[in-house]
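Hi,

Here is the structure I promised to pass on. Could you load it next to this message and follow along?

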Amino acid sequence: MPDMSYSAEISISDDEPCACGSCGWRGPAGLLKEIEDCALDPGDASPAGRCSECDSLAYLDRPADRVREAAPALREALAEMAQLLVDIDEAGGFAILRRRFLKFPDDKGAKRYLAAHDRISAADAKARAALTATE
Ligand SMILES: [Zn+2]
């Protein structure tokens, strides 16, 4: 890949909320320091300045950016939860609840378990669809 460099002018208002990519500092853009030189890969978020606490690159702190930043951890948690449901199912956990319902269809506890099973199945399907969409 060719080694390319360019200069960029950043224009944001001083009160835009920003967050440090390293130390967790949050504050208005007006407190950021100038970036001067930095290396970015294509696709990296554009930094807004340098953190006044630790000198790392800081970025606009918008809800969409926070979701994007949290996406890998959310994806991992979702995959773990989906696997947990498979483990419970394979351990016969759901079958036990279903047998109890079939044996005692009027039992309130069994009905509640069955309703929970349906919700868990729906949540599992939703999680799998969301995970598939990110592959
Ligand atoms: Zn920092």
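This is a predicted model: local features need pLDDT of at least 70, side-chain atom pairs count only at pLDDT 80 or more; totals for chains, interfaces and linings use all residues.

A word on naming before anything else: helices (H or I, at least four residues) and strands (E, at least two) are DSSP runs, numbered from the N terminus. Residues are numbered from 1 along each chain as its sequence is written.

**Overall layout**

The chain is divided into domain 1 (17–61) and domain 2 (69–133); these bounds come from an automatic or database domain assignment. Taken over C-alpha atoms, the centres of the two domains are separated by 41 Å.

Most residues other than glycine have a negative phi. Glu-36 has a phi near 60°, a positive value in a residue other than glycine. Is Glu-36 buried or exposed? Glu-36 counts as exposed because it has 6 C-beta neighbours inside 10 Å. The scale behind that word calls a residue buried if 20 or more other C-beta atoms lie within 10 Å of its own, exposed if 12 or fewer, and partly exposed in between, with C-beta atoms placed from the backbone.

Asp-55 is the other case to look at: its phi is near 75°, again positive in a residue other than glycine. Asp-55 sits in the loop between β3 and β4 (57–60), and with 12 C-beta neighbours inside 10 Å it counts as exposed.

**Cys-18**

Cys-18 belongs to strand β1 (residues 17–20). Cys-18 is buried, because 25 other C-beta atoms lie within 10 Å. Leaving out residues up to four places away in sequence, Cys-18 touches a set of residues including Pro-28, Leu-32, Ala-48 and Tyr-59; contact here requires C-beta atoms, placed from the backbone, within 7 Å.

**Helix packing**

Two packed helices are described by the angle between their axes and the distance between the axes. Axes are lines fitted to C-alpha atoms, for helices over the stretch in contact, and angles run from 0 to 180 degrees between N-to-C directions.

Helix α1 (residues 63–90) packs with helix α3 (residues 108–133) at about 140°, their axes 10 Å apart. That angle makes α1 oblique to α3 (under 35 degrees is roughly parallel, over 145 roughly antiparallel, 65 to 115 roughly perpendicular, and the rest oblique). In α1, the residues that meet α3 include Leu-78, Met-81 and Leu-85, and their partners in α3 include Ile-120, Ala-127 and Leu-131. By class, this contact of α1 with α3 has nine nonpolar, no polar and three charged residues (Ala, Val, Leu, Ile, Met, Phe, Trp, Tyr, Cys and Pro count as nonpolar, Asp, Glu, Lys and Arg as charged, and the others, Gly among them, as polar).

Helix α2 (residues 93–103) also packs with α3, at an angle of about 135° and with axes 9 Å apart. The α2 side of the contact is Phe-94, Leu-97, Arg-100 and Phe-101, and the α3 side is Ala-110, Lys-111, Tyr-113, Leu-114 and His-117. The contact of α2 with α3 has six nonpolar, one polar and two charged residues.

Best wishes

Note on methods. Two residues are in contact if their C-beta atoms, placed from the backbone, lie within 7 Å.
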